[in-house]
Amino acid sequence: MKPTNEVMIQPLTTPIFLCFDWMQVSSLLPVADTMDNNSNNSHGNTEDEHNRECCKSTAEQNRAENRIYMVVFCSIRAADADEELLYAADAEAHEEAKRSGGLLTYWYGSLNQERECFATCIWRSREDAIKASKLPNYLKAASLASTKYDFYDLQRYWLTFSSAGEPIFDSVASLISEQ
């Protein structure tokens, strides 16, 4: 995954959809073609209410079947943070996550002048990410956050792609609260 200049310069304020070339990212991920609500379909007359509902249902089902789980970590590193310790802990957690299964891709940015950083991992499923988050190296790396960062924010999304390859981000937190 190659980041955009925006996320490198402003990792805390760049909207997620501007962080990567998502067409390129979608080509790397094991997601089938999806149909969004604005796509043409083969269910006949789109003016017919029944057909619109059928197509909407099909699009929503396709998105649900092809969604993947994305975790974003935005941070400001403490001025006195031990960089070697953080990088080693991150590398060990990353290797552990790869071995645990389900990690599709991972990207970790460089600090900017304000010590801000952006990192993301994309998982096959939320269950895979939760499983990895209980492993020893992840727990060790996560335990450093409260003392090695002045600020951090952990965001979770369901990521799907429209039939045109455009990313669709649904906040996991908002979807869970609706249920």
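## A facing pair in the sheet

Y69 stands opposite W158 in β4. Strand β1 (residues 68–77) and strand β4 (residues 149–161) run antiparallel and are joined by 10 bridges. Two strands count as paired if DSSP finds at least two bridges between them. Strands (E, at least two residues) and helices (H or I, at least four) are DSSP runs, numbered from the N terminus.

This is a predicted model, in which local features need pLDDT of at least 70 and side-chain atom pairs count only at pLDDT 80 or more, while totals for chains, interfaces and linings use all residues. Residues are numbered from 1 along each chain as its sequence is written, and side-chain values use heavy atoms, with hydrogens and water left out.

## The sheet

Strands of a sheet pair through backbone hydrogen bonds, either parallel or antiparallel. Here the pairing is antiparallel, and 5 strands form an open sheet in the order β2-β3-β1-β4-β5. β2 (103–108) and β5 (167–171) each have a single partner strand, so one side of each is left without a neighbour in the sheet. On average, neighbouring strands are turned by 25 degrees against each other, direction ignored. Axes are lines fitted to C-alpha atoms, for helices over the stretch in contact, and angles run from 0 to 180 degrees between N-to-C directions.

## The helix on the sheet

Helix α4 (residues 83–100) packs on the sheet and touches β1, β2, β3 (116–123) and β4. Contact means heavy atoms within 4.5 Å. The direction of α4 makes about 165 degrees with that of β2.

## A loop residue

N112 lies in the loop between β2 and β3. Leaving aside neighbours within four places in sequence, N112 is in contact with M8, I9 and P11. The side chain of N112 reaches the backbone oxygen of I9 at 3.1 Å.

Notes
Polar contact = N/O pair within 3.5 Å; in protein donor to acceptor, adjacent residues only side chain to side chain.
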